[in-house]
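Visitor: I would like to learn how to read aromatic contacts and nonpolar cores in a model. Could you take me through them one feature at a time?

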Amino acid sequence: MKDHYDIAVIGAGPAGMSAASLAAAHGACVVLLDEQMGPGGQIYRDISRQKAADLTILGSDYFRGKVLVDRLAASAVEHVKGASIWQVSAELEIGLTVNGVAHLITAKHIIIATGAQERPFPVAGWTLPGVMNAGAAQILLKSSGIVLPDPIFVGSGPLLYLIAYQYLRAGIKIKAVLDTTPRSNFSASLRPLVASFRQIGQLWKGIGWLRELRRSGTDFVRAVEDVRIIGTDAVTGVEYKKKGTWQQLGTDTVLLHQGVVPNINLAMAAGCVHHWSEMQLCWNAAVDDLGHSSVDGISIAGDGVSIMGADGAETLGQLAAIGALQKLCKLDPHTCLRLAEPLLDIQSRRAPFRRFVDTLYRPAAQFLHPADETTVVCRCEEVTAGEIREAVRLGCKGPNQLKSFTRAGMGPCQGRFCGLTVSTMIANELNLPVSEVGAIRVRAPVKPLELGQLADLCSLE
């Protein structure tokens with residue numbers, strides 16, 4: 001690792017890999033920084049170590065990531081693994097820790113491709129041992145071949161069904177799937193569905209997952225109106241409400257999911273402007289067609305901009321690389337346009353299907369701002385929904401002021417796991433748009449950093 005590069009790409013998911021490979025292919029000196037020890041991000045995690053025999057469990061879409069990994073390996077990109085990025089400054093300086101040692105490096109251009117994270121799903125009992133995000137369960141399956149017995153899947157969205165399907169293919173009996181998708185979403189999604197006929201194959205893929213779940217005999221409960229996870233020292237079951245009536249299922253494992261949202265902490269800490277998306281109910285980065293953010297020299301790519309899925313993230317990564325190369329005068333305007341136009345056309349054709357997915361799997365309001373006052377919202381500081389509402393009644397007007405009232409958002413994750421819930425809860429209590437309430441302010445270091453590491457900070461030669 002050197003102390004300066006033409007382009008630094010942060011994140012080795014589909015967006016980061018495609019951006020780094022394309023930039024290096026056009027002569028840029030590129031470094032790819034990632035926390036994981038292998039490329040792939042969350043969607044293609046540990047793809048390099050998987051065997052073809054695992055195709056029957058993880059699916060053909062997962063193995064498409066091997067093409068990106070192989071392309072990266074054949075490129076001149078310097079891939080720094082196990083790099084925890086704790087700062088990106090407006091001066092294009094990157095603070096990172098590798099093998100317990102902190103470093104500062106610089107780049108002429110930075111592409112942030114930090115991907116997506118699961119949307120918070122704060123329901124009563126969600127902090128009990130035995131409760132996990134469904135995405136975390138998928139990580140265990142991909143990285144270690146570990147599956148959790150007798151699970152109940154709770155929530156909504158394509159990823160929930162995919163992971164349940166993968167569990168079935170791995171030979172695991174699923175106790176139940178409790179689908180929280182509101183019935184009203186189906187009629188609302190009809191118009192964008194008609195407009196997305198070009199991607200009908202994606203729809204049939206999802207229908208196939210659901211068909212397999214039903215054929216397996218899995219108890220599939222639709223239109224679940226509310227959920228409570230029960231237990232004292234660990235989860236013992238799930239209570240759910242359907243048509244106004246509460247019912248109960250026993251289990252030791254609950255897997256929660258209600259969609260994914262951009263992982264925005266690093267970009268926000270760098271000062272990049274974000275806007276509230278009423279369609280996706282999350283913060284989206286303000287970027288142009290080539291990924292340039294509001295901070296000169298910083299681009300944002302992939303699901304870190306807005307949720308587009310693996311294919312969309314790959315395309316956005318390529319567009320961000322083209323924009324960075326043009327900014328560095330390594331591509332003339334004519335070549336830039338020639339490369340970008342077909343990619344922009346692909347994104348335009350994908351947009352209707354994305355609107356369909358966002359409309360169909362829009363989370364129900366009760367799962368965005370929990371009614372149960374004892375539900376923990378900020379896990380780091382153990383702040384409950386009741387404490388947040390009390391702070392609003394006392395005059396709190398926004399998530400940053402809430403820190404003084406309750407410390408919500410002041411833990412190690414800096415609001416990564418509670419920020420959306422905090423903002424939507426305050427907006428709901430004040431009857432204001434979330435855009436007016438704002439987001440939790442994030443400052444460096446974005447990731448935990450030891451004082452000793454900071455004191456010993458060194459720049460590499």
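Visitor: Is Y167 buried or exposed?

Guide: A residue counts as buried when its relative accessible area is under 20%. In this predicted model, Y167 has a relative accessible area of 0%, so Y167 is buried, and F153, likewise at 0% relative accessibility, counts as buried too.

Visitor: How many aromatic pairs does a search of the whole structure find, and what is the geometry of the pair that F153 and Y167 form?

Guide: Planes over 60 degrees apart count as edge-to-face. The search finds six aromatic pairs, and in the one formed by F153 and Y167 the centres are 5.7 Å apart with 85 degrees between the planes, an edge-to-face arrangement. Because F153 belongs to strand β9 (residues 151-156) and Y167 to helix α6 (residues 158-169), the pair ties together parts that are 14 residues apart in sequence.

Visitor: Which parts of the chain does the pair of Y161 and Y361 link?

Guide: The ring centres of Y161 and Y361 lie 5.9 Å apart and the planes meet at 65 degrees, so this pair is edge-to-face. It links distant parts of the chain, since Y161 is in helix α6 whereas Y361 is in the loop between α12 and β20 (376-378), 200 residues apart. Y161 is buried, with a relative accessible area of 3%, and ring pairs join Y161, F220 and Y361 into a cluster.

Visitor: Where does the charged end of R228 sit?

Guide: Here one reads the distance from the charged end to the ring centre. The charged end of R228 sits over the ring of W246, 3.7 Å from the centre of that ring, while R379 lies over the face of W126, at 4.8 Å from the ring centre.

Visitor: Which residues touch the most other members of the largest nonpolar core?

Guide: A core is read through the contacts among its members. The largest nonpolar core has 41 residues, of which I7, V30, I111 and I322 touch the most other members. Among the elements that each supply at least two residues of this core are β1 (4-10), α1 (14-25), β2 (30-33) and α12 (333-360), but α11 gives the most, with eight residues.

Visitor: What does V30 touch?

Guide: Leaving aside residues up to four places away in sequence, V30 touches Y5, I7, V9, A20, A23, A24, V77 and E78.

Key: Residues are numbered from 1 along each chain as its sequence is written. This is a predicted model: local features need pLDDT of at least 70, side-chain atom pairs count only at pLDDT 80 or more; totals for chains, interfaces and linings use all residues. Side-chain values use heavy atoms; hydrogens and water are left out. A nonpolar core is a set of buried Ala, Val, Leu, Ile, Met, Phe, Trp, Tyr and Cys residues joined through side-chain atoms within 4.5 Å. Buried means under 20% relative accessible area, exposed over 50%, partly exposed in between (1.4 Å probe, protein chains only). Helices (H or I, at least four residues) and strands (E, at least two) are DSSP runs, numbered from the N terminus. Contact means heavy atoms within 4.5 Å. Rings of Phe, Tyr and Trp (its six-membered ring) pair if their centres lie within 6.5 Å; planes under 30 degrees apart count as stacked, over 60 as edge-to-face and the rest as tilted. A charge sits over a ring if NZ of Lys or CZ of Arg is within 6 Å of the ring centre and within 35 degrees of the ring normal.
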